[in-house]
Amino acid sequence: MISFNLRCAKDHEFEGWFKDSASFDTQIAQKKIDCPVCGSRKVEKALSRPNISSSRTQGAAQAEAARKMRDTLREFRRKVESTHEHVGERFAEEARKIHYGETEARGIYGEATGEEAQSLADEGIAVAQIPWIEEVKDN
């Protein structure tokens, strides 16, 4: 496995893991890689910083990386909330209705237990569990 730092056309940076460099080249050529924040398929390799630093600068770099990840997850949450319907605890039920054509297809989000999520996946219904980062409130 190989890891690349990637960046989309809107400057969102994220990490991608691939079997090898050729797998990355194939997926990028087929536009199969998209930004987890905005969905852009215009993705390129970003410069990787060499890991030559003291423990103090490594700690600062890790803190900065964690901050960027939280910011990215908050932005992703805002995107989901503004473009999808919140169905709460009815998520599994609504996902099945959409999958089986019993209701209109639309983007939804909500809550599901691990067992419900596994059951949906077993039925071939695509679901993803997303860490839901709370918005930072100004004091």
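The structure holds 0 disulfides, a disulfide being a pair of cysteine sulfur atoms within 2.5 Å. Cys8 is in no disulfide, and its nearest cysteine sulfur, that of Cys38, is 3.8 Å away. This is a predicted model, in which local features need pLDDT of at least 70, side-chain atom pairs count only at pLDDT 80 or more, and totals for chains, interfaces and linings use all residues. Residues are numbered from 1 along each chain as its sequence is written, and side-chain values use heavy atoms, with hydrogens and water left out.

**Cysteines**
- Cys8 is buried at a relative accessible area of 4%, where buried means under 20%, exposed over 50% and partly exposed in between (1.4 Å probe, protein chains only).
- For Cys35, the closest cysteine sulfur is in Cys38 at 3.8 Å, too far for a bond.
- Cys35 is also buried, with 2% relative accessibility.

**Strands β4 and β5**
- Strands β4 (residues 85–88) and β5 (residues 108–110) run parallel and are joined by 3 bridges; pairing requires at least two bridges found by DSSP.
- Glu85 has Ile108 of β5 as its bridge partner.
- Together with helix α3 (residues 91–99), β4 and β5 make a right-handed β-α-β unit; right-handed means that, with the strands pointing away from the viewer, the path from the first strand over the helix to the second runs clockwise.
- Helices (H or I, at least four residues) and strands (E, at least two) are DSSP runs, numbered from the N terminus.

**Positive phi outside glycine**
- Asp11, not a glycine, has a positive phi near 70 degrees.
- Asp11 lies in the loop between β1 (2–8) and β2 (13–18) and is exposed, with a relative accessible area of 58%.
- Lys31, also not a glycine, has a positive phi of about 55 degrees and sits in the loop between α1 (21–29) and β3 (43–45).
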